[in-house]
Amino acid sequence: MGRFRDYANPARSTVREFYRLNHEGQTLDFVRRKKKEYLSLDRRKMTMWEALELLDTLVDDSDPDIDLSQIQHALQTAEAIRADGHPRWFIVTGLIHDAGKILCTIGEPQWAVVGDTFPVGCAFSEKIIYPEFFAGNPDTRVPEYQTRLGIYEEGGGLDKVHLSWGHDEYLYHVLRDHLPAAALDVVRYHSFYAWHRDGAYGHLLADEDAARLEHVQHFNPYDLYSKDAARPDFVALKPFYEDLVGEFLPDTLQW
């Protein structure tokens with residue numbers, strides 16, 4: 001397991017540059033603008049399968065572990081969950097959890113779509129990967145944003161926190177009326193490693209966030225440790241997953 005999230009991996013030397021761009025560009029103003037731009041969900045109607053197939057050629061620049069297309073990663077995650085006998089809602093969550101990365105296919109740079117997420121509008125935690133790159137973020141020069149609470153209230157809850165913009169928040173809004181609450185927690189917060197792995201930002205959490213943490217921590221090993229260089233057989237697996245997606249999601253979704 002130690003070979004995963006290996007940010008010193010020389011084969012993935014672009015990861016450090018990715019996080020420089022990400023940490024310098026993800027400001028509170030940027031996040032608010034992207035929410036306004038995308039969360040009206042009025043760009044197109046599309047099936048979940050169409051979204052997943054758009055990801056067939058996308059390789060995540062923030063991933064230090066392996067060069068898999070995102071549909072291959074999705075199938076590996078879902079198959080690992082399925083092999084352990086988990087409920088069907090959990091399997092479908094594994095399949096679609098990164099579908100919001102279609103933002104990369106409509107012109108967004110990867111630094112604004114993928115990678116670990118973190119709160120903006122308050123002090124950046126040293127537990128975020130490559131914290132040194134926040135020195136180039138304009139929000140570090142806004143005193144209000146660099147206090148422990150920033151613009152938030154003690155114990156106000158994750159629902160009220162602006163996380164760095166990316167595929168998690170976008171997909172959460174696409175799916176929020178269609179999946180169980182536990183699945184939506186996974187979709188929205190699975191990239192927030194500083195919280196669910198390292199325990200940062202506890203002062204921003206509300207009581208209900210304890211259940212969210214449990215859901216995300218249950219999912220995370222499947223997201224991370226299912227990665228393998230062997231490619232899943234997409235054609236063979238597609239009938240099972242088409243049926244599964246149809247059980248939980250409408251024929252078309254607003255994106």
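**Helix packing in a predicted model**

The buried residues of H6 are His167, Asp168, Glu169, Tyr170, Leu171, Tyr172, His173, Val174 and Leu175. Keep in mind that this is a predicted model.

User: How many residues of H6 are buried, and what covers them?
Analyst: Happy to start there. H6 is mostly covered, with nine of its nine residues buried. The elements covering these buried residues include H2, helix H3 (48-54), H5, helix H7 (181-189) and strand E2 (253-254).

User: Where do the buried residues of H2 lie around the axis?
Analyst: Good one to check on the structure. In helix H2 (residues 28-38), the buried residues are Leu28, Phe30, Val31, Lys34, Lys35 and Tyr38. Their arc around the axis spans only 160 degrees, so they sit on the same side of H2.

User: Which helices do the buried residues of H2 pack against?
Analyst: Val31 and Tyr38 are among the buried residues of H2. The partners of this buried set are helix H1 (14-25) and helix H6 (167-175).

User: Is Ser164 buried or exposed?
Analyst: Leaving out residues up to four places away in sequence, Ser164 touches Gln26, Val31, Asp116, Thr117, Phe118 and Val120. The relative accessible area of Ser164 is 4%, and buried means under 20%. Ser164 is therefore buried.

User: What is the orientation of H4 to H10, and what is the handedness of the crossing?
Analyst: Helix H4 (residues 70-83) packs with helix H10 (residues 234-248) at an angle of about 60 degrees, and their axes are 12 Å apart. That angle makes H4 oblique to H10. The crossing of H4 and H10 is left-handed.

User: Which residues make the contact of H4 with H10, and how do they divide by class?
Analyst: From H4 come Ile71, Leu75, Ala78, Glu79 and Arg82, while H10 supplies Phe234, Leu237, Phe240 and Tyr241. By class, the contact of H4 with H10 has seven nonpolar, no polar and two charged residues.

User: What is the orientation of H5 and H10 to each other?
Analyst: H5 and H10 have axes 10 Å apart and pack at an angle of about 110 degrees. Angles of 65 to 115 degrees count as roughly perpendicular. H5 and H10 are therefore roughly perpendicular to each other.

User: How many nonpolar, polar and charged residues are in the contact of H5 with H10?
Analyst: On the H5 side are Arg88, Trp89, Ile91, Val92 and Leu95, and H10 brings Phe240, Tyr241, Asp243, Leu244, Val245, Glu247 and Phe248. The contact of H5 with H10 divides into nine nonpolar, no polar and three charged residues.

Terms used: Residues are numbered from 1 along each chain as its sequence is written. This is a predicted model: local features need pLDDT of at least 70, side-chain atom pairs count only at pLDDT 80 or more; totals for chains, interfaces and linings use all residues. Side-chain values use heavy atoms; hydrogens and water are left out. Axes are lines fitted to C-alpha atoms, for helices over the stretch in contact, and angles run from 0 to 180 degrees between N-to-C directions. Helices (H or I, at least four residues) and strands (E, at least two) are DSSP runs, numbered from the N terminus. Angles under 35 degrees count as roughly parallel, over 145 as roughly antiparallel, 65 to 115 as roughly perpendicular and the rest as oblique. A crossing is left-handed if the near helix is turned anticlockwise from the far one by less than a right angle, and right-handed if clockwise. Contact means heavy atoms within 4.5 Å. Ala, Val, Leu, Ile, Met, Phe, Trp, Tyr, Cys and Pro count as nonpolar, Asp, Glu, Lys and Arg as charged, and the others, Gly among them, as polar. Buried means under 20% relative accessible area, exposed over 50%, partly exposed in between (1.4 Å probe, protein chains only). The arc is that of the directions from the helix axis to the C-beta atoms.
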